[in-house]
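Keep the viewer open and follow along.

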Amino acid sequence: MPFVKDIFHNEHEIEGSQTSIENEESVQNDQREEQLTPNNAIASLNTTADILLSASEEGLSAIEELKSTMESIAAAAEQSAGAAEESLSAVNSIKQNSSEILQQSNLSAQNIKKLEIAISTSANKVIDSADNMLKIANSAQEVSDAGDKLKNAGEEISTAVALITKLAKRTSLLALNAAIEATRAQENGKSFSVMAKEIRFLSSKSNDYAQDIKSIVSSIQKQVDIVLDTIVKTKANVEESSDHARKNADYMKSMVKELVEMVENVNTSVEEFNQLDHEIYKLQQSSETIASAAEESAGAVSEVTQTIAMQSTAFDQSNQAAKMLRSLASKIEMNSDDISVINELASAAEELSSAVEEIENSMKQSVIALDQIEEAAEISKDDAKKSASIAQRSNEIASLVQKTIDEINEQLQKMQNNFQRSVSTVQEAGIHSKENLKDNEKILLDAKKIKRDIKLLRKILRKIELTVVQTAALSINGSVEAMRVGEFGEGFSVVSNDIRNLADNSEKSLDQINDIVDNLEEETENIIDAISNMKELGIKEAEAFISLSSDMDQSTKEIDASVAIFKDIDIKIDDINEALSQTKLAAEQTVAAAELSYKNSSESKIAAEHITKVTEDMADRVSELIEIAAFLKGE
């Protein structure tokens with residue numbers, strides 16, 4: 001700084017001047033001690049006036065230089081205040097983001113924990129559904145087994161009916177033979193003719209009934225085929241759905257493990273954020289200290305600047321007064337008896353004394369203010385360095401946090417996609433469940449139709465039984481009538497016995513068919529029970545899928561919400577990193593500004609102390625001047 005160099009250069013000159021002044025003072029003191037005379041008083045007056053003029057000009061120059069230096073300090077203070085304000089704003093933003101992230105992280109950890117429980121519960125429900133599907137598949141297998149038995153029974157009935165048809169035809173032939181025998185017996189064969197006609201009628205009815213049975217059995221078998229086709233498809237669908245459900249449940253269980261790991265990652269991020277939050281708290285304290293120091297420095301700079309303005313005015317006045325004193329001293333030297341000039345001299349000396357005193361007092365205040373600026377600069381520099389270090393450390397912690405958050409985001413987005421696939425699988429299973437319910441309704445209707453056909457079959461069998469019984473009764477009557485007519489009834493007796501044997505065989509076939517029909521009824525009831533069980537399980541399953549879909553929809557929303565939260569956290573971390581970079585830059589600017597401010601304030605203190613010394617010397621000279629003026633006035 002040129003001014004300080006000039007001060008040190010001038011100090012050597014001043015030291016020489018001071019030595020001369022001190023010598024002069026010593027002489028003047030000695031003279032005063034001896035006695036002031038007009039001659040030596042005027043000589044001393046001239047010397048003192050010259051010194052005051054020189055000192056006032058030096059002080060005025062020094063004040064102007066100090067004023068320029070303070071402008072530099074003011075600029076540094078303004079820069080430091082701006083950096084401090086920017087840093088504090090950035091830190092407050094970081095603090096707000098950090099607090100929000102901590103809240104969001106803690107909330108998301110709780111949500112993920114709930115999500116873990118929800119998905120685990122959903123997985124268990126899926127397993128229950130898979131078990132229920134297997135039960136449905138088992139019931140379907142029962143229907144399939146019963147259907148196979150129905151088909152076999154139908155084939156057995158067809159065989160037995162074919163035999164009955166065959167017997168009916170033979171009976172009809174025998175009845176024809178009986179009619180022939182009745183014709184041959186003439187009058188004795190009239191009753192035989194009637195019985196033969198009746199037997200032929202009954203055999204014809206049996207044959208018709210047998211055809212009806214064939215038609216019903218054919219219908220039953222068609223219905224059974226439809227039931228079997230549907231039940232096979234249902235069983236395959238249910239088993240496939242059950243297999244998919246178990247795989248889906250296993251997949252969801254693996255998601256639960258991932259969620260447990262995710263909670264650990266979130267907890268890790270919370271711990272890291274707590275560290276970051278602690279560092280940010282320290283950063284906030286440092287920023288507030290810097291801001292406070294900047295404010296204090298700005299106040300001190302303003303005070304010194306105002307004081308310097310006053311000092312500049314005072315020094316200007318002092319310089320003018322010193323010039324006036326030098327002029328008055330010259331006048332007095334020329335005319336020592338001019339009392340008006342001497343009075344004017346005394347007045348100017350008093351005015352100069354007041355100005356010098358004002359400069360001296362204000363300069364002391366300036367030195368105190370410069371001490372404050374220097375102290376504030378030192379505080380700002382230390383805290384700014386600390387802030388830069390904390391910002392660097394916070395950046396490192398934030399990078400660790402961001403890495404953890406990136407992992408969580410990746411896990412969540414992967415889970416979001418995977419869980420959506422699980423939801424789709426469950427939705428498809430629900431659709432299949434509804435389709436199976438419709439198939440069950442259809443199968444149940446088909447099974448009930450089979451049951452109705454079996455009831456109709458029993459009615460026809462009872463009719464056949466009746467014709468067989470009637471045929472057997474007629475054959476017995478024929479045998480009795482043949483015995484009554486003697487030799488004319490021998491042929492009819494043989495025919496009657498053959499017809500009775502055929503009736504007996506038909507009766508056995510009917511018994512066999514009835515047993516088969518009993519089995520048909522039993523298996524049909526088994527089918528109806530199995531289908532009813534399937535329906536009941538299907539309804540329960542459909543309700544379970546509605547509940548499960550609702551649960552999984554809620555889980556989907558929670559996953560989506562967590563994804564949104566961590567995306568927001570990721571954005572906030574970017575903001576924190578950017579703000580930390582700004583804080584670090586502001587801290588570095590503050591350090592530079594504080595160092596410059598400290599350097600300038602230290603140099604200004606040297607200048608202020610020099611000006612203070614100059615004003616003290618001026619005060620001493622003014623005191624001497626006042627004494628000389630008083631002497632010349634004769635006081």
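**Core, bridges and patches**

At 28% relative accessibility, E521 counts as partly exposed, a label for anything between buried (under 20% relative accessible area) and exposed (over 50%), with a 1.4 Å probe and protein chains only. Before we go on, some bookkeeping: this is a predicted model, where local features need pLDDT of at least 70, side-chain atom pairs count only at pLDDT 80 or more, and totals for chains, interfaces and linings use all residues. Residues are numbered from 1 along each chain as its sequence is written, and side-chain values use heavy atoms, with hydrogens and water left out.

Back to E521, which forms a salt bridge with R458, with 3.2 Å between the closest N and O atoms. A salt bridge here is a side-chain nitrogen of Lys or Arg within 4 Å of a carboxyl oxygen of Asp or Glu. The two partners come from distant parts of the chain: E521 sits in helix α5 and R458 in helix α4, 63 residues apart. Helices are DSSP runs (H or I, at least four residues), numbered from the N terminus. R458 is buried, at a relative accessible area of 16%.

Now for the other pairs. Searching the whole structure turns up 24 salt bridges. One of them joins K125 to D551, whose closest N and O atoms are 2.4 Å apart. K125 belongs to helix α2 and D551 to helix α5, so this pair ties together parts that are 426 residues apart in sequence. K125 is partly exposed at 27% relative accessibility, and D551 is partly exposed at 27% too. Then there's D131 with R246, a salt bridge at 2.2 Å, N to O.

What about the greasy part? The largest nonpolar core has 97 residues, and those with the most contacts inside it are I157, I213 and L457. Such a core is a set of buried Ala, Val, Leu, Ile, Met, Phe, Trp, Tyr and Cys residues joined through side-chain atoms within 4.5 Å. Helices α2, α3 (190–334), α4 and α5 (490–633) each supply at least two residues of this core. The most comes from α3, with 25 residues.

Finally, the surface patches. These are made of residues with over 30% relative accessible area and no salt bridge, joining like charges within 9 Å and nonpolar side chains (Val, Leu, Ile, Met, Phe, Trp, Tyr) within 5 Å. Lys and Arg count as positive, Asp and Glu as negative, while His and the chain ends are not counted. Which residues form the negative surface patch? They are E261, E264, D406, E407, E410, D574, D575 and E578. Helices α3, α4 and α5 each supply at least two residues of that negative patch, and E264 is found in α3.

The positive surface patch to look at is formed by K455, K459, R462 and K463. Of these, K459 lies in helix α4 (residues 339–485) and is partly exposed, with a relative accessible area of 47%. There's a nonpolar surface patch as well, about 280 Å², made by L173, L176 and I180. L176 has its place in helix α2 (residues 38–184) and is partly exposed at 37%.

Note on methods
Areas by Shrake-Rupley, 256 points an atom, 1.4 Å probe, with all protein chains shown as cover. Charge placed at Lys NZ, Arg CZ, Asp CG, Glu CD.
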